[in-house]
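Please look through the structure shown below, and keep it in view while you read the explanation that comes after it.

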Amino acid sequence: MEIKAEIEISKNPEEIFLWINNPAKAMLWQKNVKSGEIIKETAERIGTTFKEELEEDGECLVMYGEIIDFIPNKLISFHIKSKIHNVYVDYSVIGGINKSTVTVNSKIKWKFPMNLICLVIGQKIKSKIFKQIKSELKELKILCETIQIDLNN
């Protein structure tokens, strides 16, 4: 299952990327993420591993991830595993002075029995995930455009 969403934000890529690249800041716009911890951090970011706990409709899902690609202020890519799926997701930011586009590309590979469930209600699941991503991007836009971040810290 592939899902793509994007949004325009009236900020420079560097300012936006601080909200995407920083786990504590990302939890402010990714409302389903209830906790997260870095397991192993690398200086170049690629290879950094982490654990996240998501909560939705009272259900908790533990996910383990790794940064698989990183270009400062432009791209961060993750491979995330859980008991129900493998997810590959890219967050890219392109733009210039006070205008950027954030794009999220997700590829989800469902594990058994979710892969069978998706045969029946896959479009409904895809629509729900798309709406969640769009909601997160709207939150990111609000935060980026209303809270000033010091790029030197």
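The paragraphs that follow treat a pair of helices, then a core, and then some points along the backbone.

This is a predicted model, in which local features need pLDDT of at least 70 and side-chain atom pairs count only at pLDDT 80 or more, while totals for chains, interfaces and linings use all residues. Residues are numbered from 1 along each chain as its sequence is written, and side-chain values use heavy atoms, with hydrogens and water left out.

Two packed helices are described by the angle between their axes and the distance between the axes. Here the axes of helix H1 (residues 13–21) and helix H3 (residues 114–146) cross at roughly 125° and come within 10 Å. Helices (H or I, at least four residues) and strands (E, at least two) are DSSP runs, numbered from the N terminus, and axes are lines fitted to C-alpha atoms, for helices over the stretch in contact, with angles from 0 to 180 degrees between N-to-C directions. H1 and H3 are therefore oblique to each other, a word used for angles that are not under 35 degrees (roughly parallel), over 145 (roughly antiparallel) or 65 to 115 (roughly perpendicular). On the side of H1, the contact (heavy atoms within 4.5 Å) is made by Ile 16, Trp 19 and Ile 20, and on the side of H3 by Leu 140, Leu 143 and Cys 144.

Nonpolar side chains tend to be buried together in soluble globular proteins. The largest nonpolar core has 38 residues, of which Ile 20, Val 102 and Leu 140 touch the most other members; such a core is a set of buried Ala, Val, Leu, Ile, Met, Phe, Trp, Tyr and Cys residues joined through side-chain atoms within 4.5 Å. H3 gives the most to this core, with nine residues. Ile 20 has a relative accessible area of 6% and is therefore buried, where buried means under 20%, exposed over 50% and partly exposed in between (1.4 Å probe, protein chains only). Leaving aside neighbours within four places in sequence, the contacts of Ile 20 include Trp 29, Tyr 91, Val 102 and Leu 140.

Turning to the backbone, Phe 112 and Pro 113 are joined by a cis peptide bond with omega about 5°, and Pro 113 is found in the loop between strand S7 (99–110) and H3. Arg 45, which is not a glycine, has a positive phi of about 80° and lies in the loop between strand S2 (33–40) and strand S3 (49–56). Asn 98, also not a glycine, has a positive phi of about 60°. Arg 45 counts as buried because its relative accessibility is 13%, whereas Asn 98, at 46%, counts as partly exposed.
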